[in-house]
Amino acid sequence: DGIYKSIDAGRTWTHLGLRDGQQIPQIVVHPTDPNRVWVAVLGHPYGPNEERGVFRSRDGGKTFERVLYTDADTGAADLVIDPKNPDTLYAAMWEARQGPWENADFRGPGTGVFKSTDGGSTWRPINKGFPTFEQQRLGRIGLTVARSAPRRLFATVEANQQAGLYRSDDAGESWRLINEDPRVTMRASDFAEVKVHPTNPDIVFTGSIVAWKSVDGGKTFTALRGAPGGDDYHRFWINPRNPDIILTATDQGVVITLNGGATWSSWYNQPTAQFYHVSTDFNFPYRVCGGQQESGSG
């Protein structure tokens, strides 16, 4: 339904626009000017549409301008900002289409990573070292920038071969495959999640059907969290002021650690989860029933 904005800490919301974008994977706000906003819009999942790409607002969301666009089949799947130089942004474009059956795989050559150094006004491709679509059917890419060393970037890359976790140490100008263990970045079209510790650029987290952690810059990983209590780790949030506080969003809901992953909260007592389907019964007033995704009820 587009972009909403709250100016009272989430109590009330105002719709701003981008309604036809349908899928919006990422919103980036300038670290010192909250009126400067960039939005990654993926577009319709089942067909082409024009409201795709990267959009920018300079007036707090009153108006948006499209600043990165490929075509009606390619949308922006991820968007990250250099925390020390906010005029530098990186965007992952993804040409993909969902099919009428589960796990349908339709990809196209529009996928790639782009970089802007002027706040999004102009962009150029930075794909040196990635497999190409023609070679290996390049798919979804997820991005992150190391806050403490912003020339270091990580990317999860989906491809038939040479898939895995890629790393750049020159602000995206070149990339190298740092880890090709399929477990670390599996099902990239579902997750494509990678985050870096805010003060240590060698500590990296990836999400798949297990949450993974590396302490050597992505060369090796150990499992941080798996089932029970979480399946399909879609997103991480790491507290920049206290990195021992980590939130991860899973199919079952949200779980939090306060001690760097040694122990976690339970999703059994959290009213947060994905739903596969909802329906109503024949009572009056009617009751709404739903099956949660992979929680034991659906």
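Predicted model: local features only at pLDDT ≥ 70, side-chain atom pairs only at ≥ 80, totals over all residues.
Residues are numbered from 1 along each chain as its sequence is written, and side-chain values use heavy atoms, with hydrogens and water left out.

Me: What makes a space a pocket, and what makes a space a cavity?
Reply: Both are sets of points on a 1 Å grid over the protein atoms alone. In a cavity, a 1.4 Å probe fits but cannot get out. A pocket is an open set with protein on both sides within 12 Å along at least five of seven lines.

Me: Which residues lie nearest the centre of the largest pocket?
Reply: They are Trp-94, Gln-98, Arg-140, Ser-189 and Asp-190. The lining has 36 residues; each counts because it has an atom within 4 Å of a point. The volume is about 1,200 Å³, meaning the space filled by probe spheres set on grid points joined across faces, edges and corners.

Me: Which strand gives the largest share of that lining?
Reply: E8 does, with three residues.

Me: How do you know the class make-up of the second largest pocket's lining?
Reply: Ala, Val, Leu, Ile, Met, Phe, Trp, Tyr, Cys and Pro count as nonpolar, Asp, Glu, Lys and Arg as charged, and the others, Gly among them, as polar. By class, the lining has 18 nonpolar, four polar and five charged residues. Val-80 and Lys-195 are among the residues nearest the centre.

Me: How many cavities of 30 Å³ or more are there?
Reply: The count is one. Ala-77, Arg-140 and Phe-191 are among its lining residues. The lining splits into four nonpolar, one polar and four charged residues.

Me: Why is a set of residues called a nonpolar core?
Reply: The name applies because its members are buried Ala, Val, Leu, Ile, Met, Phe, Trp, Tyr and Cys residues joined through side-chain atoms within 4.5 Å. Buried means under 20% relative accessible area (1.4 Å probe, protein chains only). The largest core has 17 residues, and Leu-143 is one of those that touch the most other members. Apart from it lies another core of 14 residues, including Leu-79 and Phe-114.

Me: What does Leu-143 touch?
Reply: Its contacts (heavy atoms within 4.5 Å) include Val-80, Tyr-90 and Trp-175, not counting residues up to four places away in sequence.

Methods. Helix = DSSP H or I, 4+ residues; strand = E, 2+ residues; numbered from the N terminus. Buried < 20%, exposed > 50% of the residue type's maximum accessible area, 1.4 Å probe, protein only.
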